[in-house]
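Take a look at the model below. The text after it walks through the chains, their interface and a few local details.

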2 protein chains.
Amino acid sequence: MVKEMESKISDAEWEVMRVVWAQDKVTSKEIIDVLQQKKEWKPATTKTFIGRLVKKGILYTEEEGRKFLYSSAINESDFINSTLDETFENICNKDVGNAIVNLISNATLSFKDIEKIEKVIEMKKKEAVEEIPCNCVPGQCRCNNCSSGH
Amino acid sequence: MVKEMESKISDAEWEVMRVVWAQDKVTSKEIIDVLQQKKEWKPATTKTFIGRLVKKGILYTEEEGRKFLYSSAINESDFINSTLDETFENICNKDVGNAIVNLISNATLSFKDIEKIEKVIEMKKKEAVEEIPCNCVPGQCRCNNCSSGH
DNA sequence: TAAAGTAGATTACAAATGTAAACGTAAAGG
DNA sequence: CCTTTACGTTTACATTTGTAATCTACTTTA
C-alpha cells in the first residue's frame with residue numbers, strides 16, 4: 001500500500017519510462033533508438049521527454065564519462081499501481097467491478113497471474129457487500145443503479 | 001467489445017460526466033451545485049467544462065424552455081472501459097496481472113462483482129500462458145523479468 | 001588541426017487543460 | 001417597467017503536453 005506518489009506523468013513520458021524500466025540503466029541513445037522505432041519519434045522529441053522526466057525527478061542521471069546513464073527513480077510497480085488507483089478515483093464506485101471484469105477479459109494473463117487474482121478474490125469475498133452505492137453525487141444518490149438512492 | 005471511442009476527456013471533464021451519468025438528465029445548475037460542494041469549483045469553472053463537453057459532442061443538450069437539459073451522448077460503461085483499455089496500453093504486458101491484483105485488492109466489490117470476476121477468470125484459464133513477455137522494448141526484451149529476453 | 005558527429009540544454013510553438021471573470025440576454029420579482 | 005438573477009457564451013491566462021529545431025561543447029575522425 002504505497003502512499004503518495006502523485007507524480008503524474010504524461011502518456012509520452014510513460015513511453016520513455018517503459019524503456020528505462022525494461023532495461024535498468026540506459027543511455028539516451030538507447031531510449032531514442034527504441035522510441036524512434038516504436039513510436040516514430042524524432043530524436044529531439046524523445047530528448048525533450050527525457051529532459052522533462054529528469055526535471056521532475058523521475059529519472060536519475062549518473063554521469064558515465066561524457067554521457068549520462070538514466071535510471072528510474074521510482075519503482076515501476078508502485079508507479080503503475082498508484083497511477084491506476086488515481087484513474088479509478090474517476091470511476092464511480094458502482095462501476096469498479098465491471099471495469100475490472102472488462103480489464104481481465106482483455107488481458108493476457110499467465111497462470112501465475114490467475115492464481116494471484118484467485119487469491120485476492122478469495123480474500124475479497126469476506127468483505128464483499130450487497131450493493132455498492134454510486135458516489136458521484138455526494139449525499140444524494142439518484143443514480144439509476146442504486147436502489148438505495150435518494 | 002466497443003471499438004473506437006477515442007474521445008479522451010480530461011479529469012475535470014470526467015467529474016462533470018459522473019454527475020450527468022448518475023442522474024440521466026440534469027440542468028447546469030445541478031451540475032454546478034454538486035461540483036461546488038464536491039470539488040469546490042467556482043460556478044464559472046464548471047460552466048467551462050460543461051461547454052467543452054458540449055463542444056466535443058459528449059454532452060447532449062435539449063432545450064427545456066429557457067434552459068438546457070444535459071445528458072450524456074456516450075454510454076458510461078463503454079466509456080469507462082475504453083478509457084481503461086487505453087490506460088492499460090501504457091502498461092507493460094508483464095505487469096498487467098499484478099496491476100489487476102492491486103486494483104481488486106483496493107476495490108470495494110459486491111457479491112455480484114465477485115461472481116462475475118470469478119467467471120471471467122474461469123474463462124481466462126483456458127488461454128493462460130506460462131510467461132508474458134515484456135513489450136516495452138520491441139524486438140529485444142532485456143527486461144529483468146523476462147527469462148525469454150535477448 | 002579542421003570537419004563532422006554526439007549529447008545534453010535551450011528555445012519554440014500549438015493544442016489541451018485547469019481555473020475563472022466578464023458579457024449578453026431573457027426571465028422573474030418588486 | 002426596471003432591476004436583479006440566472007444561464008449560456010466569450011474571453012483570459014497560466015501550465016502541461018506533444019512535437020521538434022537549434023545551439024553549444026566535446027570528441028572522434030579525416
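What follows is a short tour of this predicted model, from one chain to the interface and then to single residues.

Start with chain A. Six helices and two strands make up its secondary structure. Read from the N terminus, the order is α-α-α-β-β-α-α-α. Chain A has 150 residues, and 47% of them count as buried.

Now turn to the partner. Chain A touches chain B through 63 residues, and chain B answers with 63 of its own. The size of an interface is often given as the accessible area lost when the parts come together. Here about 6400 Å² is buried between chain A and chain B. Carbon and sulfur atoms give 60% of that area. Charged pairs also cross the interface: the rule finds six salt bridges between chain A and chain B. One salt bridge to look up joins the side chains of Lys94(A) and Glu76(B), at 3.3 Å from N to O.

The structure holds one cavity of 30 Å³ or more. Which residues line the largest cavity? From chain A come Asp95(A), Asn98(A) and Ala99(A). From chain B come Ser77(B), Ile80(B) and Asn81(B). Two helices each supply at least two residues of this lining: H5 (93-106) of chain A and H4 (76-88) of chain B. By type, the lining has two nonpolar residues, three polar ones and one charged. Asp95(A) is the charged one, because Asp counts as charged.

Finish with two loops of chain A. The loop between helix H1 (11-23) and helix H2 (28-39) holds Asp24(A). Its phi is near 75°, a positive value in a residue other than glycine. At a relative accessible area of 67%, Glu40(A) counts as exposed, because the cut-off is over 50%.

Key:
Residues numbered from 1 in each chain as written. Chains lettered and ligands numbered in written order. Predicted model: local features only at pLDDT ≥ 70, side-chain atom pairs only at ≥ 80, totals over all residues. Heavy atoms only, no water. Helix = DSSP H or I, 4+ residues; strand = E, 2+ residues; numbered from the N terminus. Buried < 20%, exposed > 50% of the residue type's maximum accessible area, 1.4 Å probe, protein only. 1 Å grid on protein atoms, 1.4 Å probe; cavity = no way out; pocket = protein on both sides within 12 Å on 5 of 7 lines; lining within 4 Å. Points joined across faces, edges and corners; volume = space filled by probe spheres on them. Contact = heavy atoms within 4.5 Å. Buried area = accessible area lost by both parts, 1.4 Å probe. Salt bridge = Lys/Arg side-chain N within 4 Å of Asp/Glu carboxyl O.
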